[in-house]
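Okay, thanks for coming, everyone. Let me put the structure up and we'll walk through a few spots.

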Amino acid sequence: MSITARDVHIDAPLTNLVVGFEPQGFIVQDIFPLVNVNKQSDVYFKYDKGDFFRIPSTTARAPKTKGRTVTYNVSSETYYASNYALVEEIDYETIVNADDPLKIKEKSARNCANLLHLDWENRVANQLTTGSNLGSHAAVASLWSSSTAGTSDPFGDIATGKEAVRSTTGLDPNVIIFGREVYNALIRHADILDRIKYVQKGVVTKDLLAALFDVDEVLIGNAVKNSGAENSADSFSSVWADNTVIMHKAQPNTDGRDPSLGYHFRWTNPLLGAPMAVESWEDPDHAMFSNVRVSYYQDEKIVAPELGYLWTGCV
């Protein structure tokens with residue numbers, strides 16, 4: 001019997017390839033500004049919006065009078081930075097027998113961090129796609145996936161949402177969030193392609209959509225999640241689904257001049273020393289396994305709901 005390749009080689013794991021998947025396409029960190037806070041819970045001030053737009057019955061001053069008196073009201077609201085954490089337990093046998101390319105502890109820490117980030121994205125998406133959390137919301141009358149010219153009106157719908165925000169706040173929306181399915185429909189929509197046919201190469205990008213809809217930034221909700229139970233069939237769906245969020249975002253300020261729809265309140269526990277802390281320790285009960293934990297403290301709050309408008313069922 002002739003010698004074969006199997007006789008002279010024992011298969012071993014490749015050191016430069018491991019096949020796997022990880023969550024991608026997060027946008028949550030770009031939606032609300034991040035406010036680093038000194039305490040896990042505290043209060044922040046909020047001015048009464050109406051007081052700053054109410055014109056007095058007269059502003060004319062009569063001689064020997066000081067002029068019409070005006071005032072404004074201020075209130076306070078609270079935040080509480082909950083602790084979000086995930087732990088992976090790795091038994092000693094797995095650690096010592098794992099082939100080097102798997103890098104078990106590093107992969108465990110990254111998996112915990114990715115799942116925490118996906119959970120953060122999902123929490124904020126649930127907030128912003130619940131109509132009662134925003135100033136106004138509606139379902140589109142004609143689906144934007146009806147891409148034939150004249151059968152749906154994404155420009156008119158976006159303009160309606162933008163005006164709903166401006167008319168009650170004086171601020172123009174500067175960010176639009178499209179679920180990926182919505183974005184896929186818009187880049188094929190005849191009304192959009194018609195507007196760029198003489199100045200572009202026919203390729204629609206998120207930056208081009210931002211220019212067409214006159215906002216500073218367009219964010220595309222690409223993230224997907226698996227709602228299937230462990231050890232059962234996977235069930236993947238889009239985190240942002242078929243929704244469109246029109247909003248105003250501004251960096252934190254102390255003069256109350258330019259508010260944001262919401263903020264991420266992030267607290268760093270001084271005992272951990274980092275906003276997103278990674279810890280590793282051996283089981284204290286000598287059960288022969290290591291723990292890898294990733295955690296952070298945060299509260300995501302919609303603080304000015306009138307700065308947001310939601311379109312649902314866009315495609």
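Let's start with N243, which counts as buried because its relative accessibility is 11%; buried here means under 20% relative accessible area, with a 1.4 Å probe and protein chains only. Quick caveats: this is a predicted model, where local features need pLDDT of at least 70, side-chain atom pairs count only at pLDDT 80 or more, and totals for chains, interfaces and linings use all residues. Residues are numbered from 1 along each chain as its sequence is written, and side-chain values use heavy atoms, leaving out hydrogens and water.

So where does N243 sit? You'll find N243 in the loop between strand 9 (236-238) and strand 10 (244-247); strands are DSSP E runs of at least two residues, helices are H or I runs of at least four, and both are numbered from the N terminus. A polar atom of the N243 side chain is 3.1 Å from the backbone oxygen of W240. Skipping residues up to four places away in sequence, N243 touches, among others, I177, F178 and W311, with contact meaning heavy atoms within 4.5 Å.

Now, helix 4, residues 154-169. Its buried residues include F155, I158 and V165, and the buried residues of helix 4 pack against elements including strand 6 (175-179), strand 10 and strand 14 (308-312).

Last stop, L209. Beyond its neighbours within four places in sequence, L209 is in contact with F178, Y183, L186, I192, V204 and V218.

Terms used:
Buried < 20%, exposed > 50% of the residue type's maximum accessible area, 1.4 Å probe, protein only. Polar contact = N/O pair within 3.5 Å; in protein donor to acceptor, adjacent residues only side chain to side chain.
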